[in-house]
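Please prepare a short briefing on the structure shown here. Group the points by topic and give the cut-offs behind each term.

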Amino acid sequence: LWLFDYVDGTLLQSLHQVSTDADFGEPSPTLTYGQHKIYFVVSRGGSPSVNGTVISWGSIRDTFWKSLSVSVGGSSQSSYSVTMERVVTKLKITATDAVPDGTATVVVLPERWYYGLDYLTGEPADMHDSEEMSASVPASMVGTTGMAVSFFGFSSATEWNTPLTVSARDEDNDIIGLVNVAAAPFMANRATEFSGALFSTSGTF
């Protein structure tokens, strides 16, 4: 959890909490008199880094954001409850045909994908072009149908589209199944799901 406290466009202080902190979810900053704009970010993602007003993650998971305007004076309330908004989208891929022996990973290659969030606007940031995202396939899935993998990314509340390629790879990273999606739609707080044959020569979702 991050809290960023701004007055007149200037960052006065920031707080960072992790889930093992005793006061996690209840940050207690001391605020000066005046008009404050406070930004909150909460995420389950891994390997975060803050660069200016952008937070990026090495592995993206569910993430929420909210801004709050606070006027601090002698009679101001001492606590606020903040209801946050989800700022990620999720791509779910389900293979309806049987997983062949030797399948090691499922790799998704989107034309563009967002790995970060601008905490001042709540909008996606840190866009990567044509970068692979992969998920391991456990040996227990071999021979079964309905294998599913999911990937999170950051998104605005306005729907956008990107072409993507889904491939299954063996341990040598050779492709053993491939499907192209011309325009996959994404939007914050929504899961986009594709299913179909991945391992046949005419795989379609």
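Gln17 sits in the loop that joins strand S2 (10-16) to strand S3 (34-43); strands here are DSSP runs of E with at least two residues, numbered from the N terminus. The model is predicted, so local features need pLDDT of at least 70 and side-chain atom pairs count only at pLDDT 80 or more, while totals for chains, interfaces and linings use all residues. Residues are numbered from 1 along each chain as its sequence is written, and side-chain values use heavy atoms, with hydrogens and water left out.

**Gln17 and its surroundings**

- Gln17 counts as buried, because its relative accessibility is 8%; buried means under 20% relative accessible area, exposed over 50%, and partly exposed in between, with a 1.4 Å probe and protein chains only.
- A polar atom of the Gln17 side chain lies 3.0 Å from the backbone nitrogen of Gly25.
- With neighbours within four places in sequence left aside, Gln17 is in contact with Leu1, Asp23, Phe24, Gly25, Glu26 and Pro27, where contact means heavy atoms within 4.5 Å.

**The three-stranded sheet**

- Three strands form an open sheet in the order S13-S8-S16, and the pairing is mixed; two strands pair if DSSP finds at least two bridges between them.
- Strand S13 (147-154) and strand S16 (191-196) are at the edges with a single partner strand each, so one side of each has no neighbour in the sheet.
- From one strand to the next, the twist averages 15°; axes are lines fitted to C-alpha atoms, and angles run from 0 to 180 degrees between N-to-C directions.
- Six bridges join strand S8 (residues 88-95) to S16 in the parallel sense.
- Ile93 has Phe194 as its bridge partner in S16.

**Thr94 in strand S8**

- Thr94 belongs to strand S8.
- The relative accessible area of Thr94 is 18%, so Thr94 is buried.
- Apart from neighbours within four places in sequence, the contacts of Thr94 are Gly146, Met147, Ala148, Phe194, Ser195, Gly196 and Phe205.

**Aromatic pairs**

- Rings of Phe, Tyr and Trp (its six-membered ring) pair if their centres lie within 6.5 Å; planes under 30 degrees apart count as stacked, over 60 as edge-to-face and the rest as tilted.
- The count by this rule is ten aromatic pairs.
- Tyr6 and Tyr39 form an edge-to-face pair, because their ring centres are 5.6 Å apart and their planes stand at 90°.
- This pair links distant parts of the chain, with Tyr6 in strand S1 (residues 2-7) and Tyr39 in strand S3, 33 residues apart.
- Tyr6 is buried at a relative accessible area of 10%, and Tyr39 also counts as buried at 10% relative accessibility.
- Trp113 and Phe186 make an edge-to-face pair, at 5.0 Å centre to centre and 90° between the planes.
- Trp113 is in strand S10 (residues 112-118) and Phe186 in strand S15 (residues 175-186), so their pair ties together parts 73 residues apart in sequence.
- Trp113 and Phe186 are both buried.
- Phe4, Tyr6, Tyr39 and Tyr119 are linked into a cluster by ring pairs.

**Salt bridges**

- There are four salt bridges in the structure, each defined as a side-chain nitrogen of Lys or Arg within 4 Å of a carboxyl oxygen of Asp or Glu.
- One of them joins the side chains of Asp62 and Arg86 at 2.8 Å, N to O.
- That pair links distant parts of the chain: Asp62 is in the loop between strand S5 (54-59) and strand S6 (63-72), and Arg86 is in strand S7 (residues 85-86), 24 residues apart.
- Asp62 counts as buried at 18% relative accessibility, whereas Arg86 is partly exposed with a relative accessible area of 33%.
- Glu132 and Arg169 meet through their side chains in a salt bridge of 3.1 Å, N to O.
- Here too distant parts of the chain are linked, with Glu132 in the loop between strand S11 (123-129) and strand S12 (133-136) and Arg169 in strand S14 (residues 160-170), 37 residues apart.
- Glu132 is partly exposed at a relative accessible area of 46%, whereas Arg169 is buried at 8%.
- The side chains of Arg190 and Glu159 form a salt bridge at 2.8 Å, N to O.
- Arg190 is in the loop between S15 and S16 and Glu159 in the loop between S13 and S14, so this pair ties together parts 31 residues apart in sequence.
- Arg190 counts as partly exposed at 30% relative accessibility, and Glu159 is partly exposed with a relative accessible area of 41%.

How values were computed. Helix = DSSP H or I, 4+ residues; strand = E, 2+ residues; numbered from the N terminus. Polar contact = N/O pair within 3.5 Å; in protein donor to acceptor, adjacent residues only side chain to side chain.
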